[in-house]
Amino acid sequence: MTLDGLGSDPESVLAVVTYFDTLDDQGCGAADLVRAARLLGFDESRDVRVLAVSTDSPDAVAAVLGVLGGERVRTATMGTTVAVLHQGARDGRSLSDALEDAIGAAFPVPGSGRGPWVGIGSATPVLTAPQSWQQAQRALRFASSTGYGRRAIAFERLSVLDLLADLPVDAVLNNPDVARINAIAATPAGAVEVATVEAFCKYGSLRRTADELYVHHSTVATRLAHVSARMGWDFDDPMDRFIAILVFLVRRVALSATELGDG
């Protein structure tokens, strides 16, 4: 395939993103990359950012595009993921927050399976656009189908957590703590308790968790006590609380990898 085969329609971003990954092997230079960007209507002198949207709902993609507004945008479906290439002035933090709010408003009850989730790559020069795409795919693995995680994740906000994306899925799922949490969550009552603990790990207090879950704080305390007894955790101990948070983080990455189809 050559750049001559690329068009300027929105779907051609698929060809551009995948083609960028092979340019080095084919000995192509910066001029080819610049031409590809121009064919899509982008300004090669400005940074681009790539988003990875995992969803089977056109409404979810519409919600993402609604946040991007009048910015330069091109989209294409790549397997089970929608790639969104765009140029805009917003930083990753503000963009992820805006997308989080938009997805939450459009999908107030979190679903299961493929999202809708969004991974957001860093802003990068056109010549290194594939790097932003790879970052978006990594960030996507930290998105959550639960109501207690984030459904829009910016790569630059992961910091050291990005290292967790390289953990082998099988090793994570076979970890004793993760396996015990999954065993608890295998029953309806246990799933509620595990979800409550995950919420507590996010919100940090009984009352805040109770307010978010619309239950009495004593109910939260009871659920935490059940899980802590089975896990051997003391949520008043900083190390045990850190371990609990880490367990839910690596569990989320493993479950996301499975739900995304790359585990």
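How much accessible surface does the protein chain have, and what percentage of it belongs to carbon and sulfur atoms? The accessible surface is about 12,300 Å², and carbon and sulfur atoms hold 54% of it. Please keep in mind that this is a predicted model.

**The chain as a whole**
- The protein chain has 11 helices and 5 strands.
- Of its 263 residues, 47% are buried.
- Among contacts with a separation of 6 or more, 69% are between residues 24 or more positions apart.

**Where H3 meets H4**
- Helix H3 covers residues 58-68 and helix H4 covers residues 92-106; their axes lie 9 Å apart, at an angle of about 140°.
- Because of that angle, H3 counts as oblique to H4.
- The crossing of H3 past H4 is right-handed.
- On the H3 side, the contact uses Ala 63, Val 64, Val 67 and Leu 68, while H4 brings Leu 95, Ala 98, Leu 99, Ala 102 and Ala 106.
- Sorted by class, this contact of H3 with H4 has 9 nonpolar residues, no polar ones and no charged ones.

**Where H8 meets H10**
- Helix H8 (residues 188-203) and helix H10 (residues 217-231) cross at roughly 105°, and their axes come within 9 Å.
- H8 is therefore roughly perpendicular to H10.
- From H8, Val 192, Glu 193, Val 194, Thr 196, Val 197 and Phe 200 take part, meeting Val 220, Arg 223, Leu 224, His 226 and Val 227 of H10.
- By class, the contact of H8 with H10 has 7 nonpolar, 2 polar and 2 charged residues.

Definitions and conventions:
Residues are numbered from 1 along each chain as its sequence is written. This is a predicted model: local features need pLDDT of at least 70, side-chain atom pairs count only at pLDDT 80 or more; totals for chains, interfaces and linings use all residues. Side-chain values use heavy atoms; hydrogens and water are left out. Helices (H or I, at least four residues) and strands (E, at least two) are DSSP runs, numbered from the N terminus. Buried means under 20% relative accessible area, exposed over 50%, partly exposed in between (1.4 Å probe, protein chains only). Contact means heavy atoms within 4.5 Å. Accessible areas come from the Shrake-Rupley method with a 1.4 Å probe; for residues, only the protein chains shown count as cover. Axes are lines fitted to C-alpha atoms, for helices over the stretch in contact, and angles run from 0 to 180 degrees between N-to-C directions. Angles under 35 degrees count as roughly parallel, over 145 as roughly antiparallel, 65 to 115 as roughly perpendicular and the rest as oblique. A crossing is left-handed if the near helix is turned anticlockwise from the far one by less than a right angle, and right-handed if clockwise. Ala, Val, Leu, Ile, Met, Phe, Trp, Tyr, Cys and Pro count as nonpolar, Asp, Glu, Lys and Arg as charged, and the others, Gly among them, as polar.
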